[in-house]
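Let's take a walk through this model together, one piece at a time. Keep the viewer open and turn it as you read.

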Amino acid sequence: MAVHHIEGKAKRGREALALPMAVYAALFVGLSLLYIIGLSFLNRGEGFSASPPVTADNYLRIISPLYLRSLLLSLRLAALTALFCLLLGYPFAYFLAKARPKARAWLLMLLIVPFWTNALIRIYGWKILFSASGPVNSALLSLGLIGRPLKLLYTDFAVLVGMIYAMIPFMVLPVYSSVERMDWAMVEASRDLGASPLKAFLTVTVPMTLPGVLAGLVLTFIPSVGLFFLSDLLGGSNTMLWGNMVHNELLKSRDLPFAAALSVVLLTLTGLVILIYRRMGGKAESMVFLGRRFIFETQ
Amino acid sequence: MSDRPVLLSLRGLRKTFDTQEAVSGLDLEVFAGEFLTLLGPSGCGKTTTLRIIAGLEMPSAGSVLLDGQDITALAPEKRAVNTVFQNYALFPHMNVAKNIAYGLRMRGAGKEEIARKTAEMLELVQLTGYGKRMPGQLSGGQRQRVAIARSLILSPRILLLDEPLGALDLQLRRQMQVELKRMQQKLGITFIYITHDQEEALLMSDRVALMRGGRFVQVGTPLELYEHPQTAFAASFIGETNLIAGRAAAVKEGEVLLDIAGFSLPCESFDWITPGEELLLCVRAQRMHLSTEPVNAPCRLKGELVENHYAGGERTSLVRLPDGQTVRVRHSTENDAGLAPGSEVFCWWNMPSGVLVRDDREEGQ
């Protein structure tokens with residue numbers, strides 16, 4: 001009885017520790033989310049405001065070729081980003097997990113240090129690299145591979161490269177942790193049973209590291225759908241991604257309810273992706289685990 | 001056993017990891033159809049030896065011959081040798097049937113053949129009906145059986161087993177020991193088996209290769225190892241053994257007179273013994289006898305009974321000799337009344353039960 005009492009008290013104590021964060025989340029995530037959803041069903045008011053009556057017009061407006069095209073463009077770019085992150089990130093993560101501890105620490109640093117630098121500064125770095133007289137073009141010119149500078153900047157290619165660059169750690173880290181937790185005796189067993197190194201990789205290593213791959217795909221895809229400043233800075237003026245639409249409606253057209261509706265659509269989409277991920281057996285803990293690695297492994 | 005053809009030969013095998021030598025010069029012939037056990041304490045190099053045979057490790061020197069063919073550099077997937085791994089290494093994302101069929105699928109076998117052989121294997125290991133289960137849903141013993149079935153489906157020339165029963169509880173272990181031995185005899189496949197359990201080694205093997213510090217200490221039948229240990233390490237690693245220190249006082253033809261605590265004991269001689277040499281006399285605790293009366297036996301020591309541990313049908317008694325050495329005697333509790341601590345007793349044994357060895361216990365650790 002007494003023990004029960006103490007345990008109950010301790011439990012309440014622990015719950016109290018979570019209270020500040022819960023309040024924070026309720027205020028700044030929960031409430032503002034509700035606010036945005038509410039806004040999206042209102043009319044545009046005087047200036048930068050919203051006013052009744054309640055309407056679904058904002059959503060009906062979205063159903064148009066212009067927005068549909070932008071949505072498809074955003075999804076395609078996000079999918080390409082996730083795909084290239086996988087193709088480039090998996091081998092790196094695999095190598096990282098198999099490297100000696102010292103080399104591993106250095107490689108992880110290389111991956112994570114850029115993250116501690118301001119994102120805009122890094123993007124301007126790309127701008128310089130890709131510019132007509134930038135290092136890439138001068139190198140290609142002096143090698144005689146091209147006759148005149150290529151147009152690299154303000155293209156879809158530049159946006160994709162920037163996106164891959166920004167997102168790749170989110171692929172590498174979950175894949176790395178699942179490769180690192182692999183029991184290599186499984187691979188030895190498959191070799192022992194007649195599998196070539198490639199077959200062993202495809203039939204054992206890939207399926208066993210699939211949780212990391214799934215987490216990586218979700219972690220790279222979701223932010224990519226909504227990212228707008230990369231296409232603003234590296235893309236051409238005709239690249240209108242979903243994020244740019246929200247940005248424009250909010251800051252240029254100053255149509256608050258419509259920007260809210262666009263945001264809600266994006267939110268629903270990413271929610272769906274997470275739902276699918278959970279259905280496929282993905283775990284929320286993988287993300288928590290990832291966060292922990294991110295902080296501790298680089299120290 | 002040696003009338004059978006040689007299946008596998010290890011020649012001058014060495015393996016160095018960084019600066020550590022795991023295997024330091026192994027030569028061994030394994031005969032077709034035999035059950036050979038690599039026995040030794042942990043870190044003696046037995047797993048490394050097995051991995052070299054499997055092709056999972058490249059030796060630093062020496063060669064491996066299978067059927068007279070040098071396979072030292074052959075990839076593991078190209079060897080007619082399969083392994084049962086220590087923790088089974090079942091593929092967690094495949095069900096039991098898929099695990100068992102894996103080897104055949106890698107060989108590109110047909111659907112019909114895969115289905116038939118998988119069913120056969122499931123029956124062999126008594127897991128018929130378990131094909132659809134996932135490894136995570138099986139008990140340790142069942143996983144063990146799946147691992148065995150998975151490596152037997154390719155009908156290997158040699159099956160390598162790395163402490164396959166290590167993770168099982170004692171009762172299941174005993175049962176699996178008998179089952180594995182039966183399976184091996186039925187299939188006629190050569191088994192190379194790793195264990196650190198000497199009882200298991202004696203029970204299951206045709207021959208035992210006792211290892212220490214990357215070398216073979218003694219290779220022989222269980223009987224040879226138990227009855228004729230060649231070194232003190234071999235004697236002490238197997239069975240409950242007395243190693244009594246003495247000096248070879250006189251060496252006659254075929255006989256040595258060993259001086260232990262002032263007693264002169266006749267022992268069987270070996271040609272390597274030199275007069276005056278310090279030796280150890282190995283006598284198993286079960287081969288020692290105890291009596292309160294002076295027995296008329298040439299191999300007899302007198303001492304004081306100091307400890308007396310009752311264990312049901314058997315009793316372990318410790319006898320202190322005048323020079324302070326202790327002798328351990330394992331004897332039946334039938335008619336052992338009167339053997340009380342403090343009393344003067346005689347320990348005796350039959351001359352063939354005593355084997356002289358040199359002390360190598362500190363070497364090669």
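Predicted model: local features only at pLDDT ≥ 70, side-chain atom pairs only at ≥ 80, totals over all residues.

**From a hairpin to the whole assembly**

B:V256, in turn, stands opposite B:C267 in β13(B). The two strands form a hairpin with 2 residues between them, and here B:A261 takes a positive phi near 50°.

Now zoom out from the hairpin to its sheet. Which strands make up this sheet, and in what order? The order is β13-β12-β11-β14-β20 in chain B, an open sheet of 5 strands with antiparallel pairing. In general, the strands of a sheet pair through backbone hydrogen bonds, in either a parallel or an antiparallel way. Why is one side of β13 and of β20 in chain B left without a neighbour in the sheet? Both β13 (263-268) and β20 (355-357) of chain B stand at the edges and have a single partner strand each, so one side of each strand has no neighbour there. Going across the sheet, the twist averages 45° from one strand to the next.

Let's step back again, to chain B as a whole. Its secondary structure comes to 8 helices and 20 strands. Taken along the principal axes, the C-alpha atoms of chain B fill a box of roughly 75 × 45 × 40 Å. Of the 365 residues in chain B, 38% count as buried. If you look at the contacts in chain B with a separation of 6 or more, 66% of them are accounted for by residues 24 or more positions apart.

Chain B is divided into two parts: domain 1 covers 6-227 and domain 2 covers 232-357. Taken over C-alpha atoms, the centres of domain 1 and domain 2 of chain B are separated by 39 Å. How many residues are in contact between these domains of chain B? On one side there are 7 residues of domain 1 of chain B, and on the other 5 residues of domain 2 of chain B. On the domain 1 side of this contact in chain B, at least two residues each come from β9 (207-212), β10 (215-220) and α7 (222-227). Sorted by class, that side of domain 1 of chain B has 4 nonpolar, 2 polar and 1 charged residues.

Next, follow chain B to where it meets its partner. Here 17 residues of chain B are in contact with 16 residues of chain A. On the chain B side, the elements giving two or more residues are β6 (81-84) and α2 (96-107) of chain B. Of these, α2(B) gives the most, with 4 residues. The side of chain B that touches chain A has 9 nonpolar, 5 polar and 3 charged residues by class.

Finally, cross over into chain A and look for a pair of helices, α3 (residues 65-98) and α9 (residues 197-226). In chain A, the axes of α3 and α9 come within 8 Å and cross at roughly 145°. The crossing of α3(A) and α9(A) is right-handed. Among the residues making the contact are A:S74, A:L75, A:A78 and A:G89 of α3(A), together with A:V213, A:G216 and A:F221 of α9(A). By class, this contact of α3(A) with α9(A) has 11 nonpolar, 6 polar and no charged residues.

Terms used:
Residues numbered from 1 in each chain as written. Chains lettered and ligands numbered in written order. Pairing = 2+ DSSP bridges. Axes fitted to C-alpha atoms, helices over the stretch in contact; angles between N-to-C directions. Domains from an automatic or database assignment. Contact = placed C-beta atoms within 7 Å. Nonpolar A, V, L, I, M, F, W, Y, C, P; charged D, E, K, R; others polar. Left-handed = near helix turned anticlockwise from the far one by under 90°. Buried ≥ 20, exposed ≤ 12 C-beta atoms within 10 Å, placed from the backbone.
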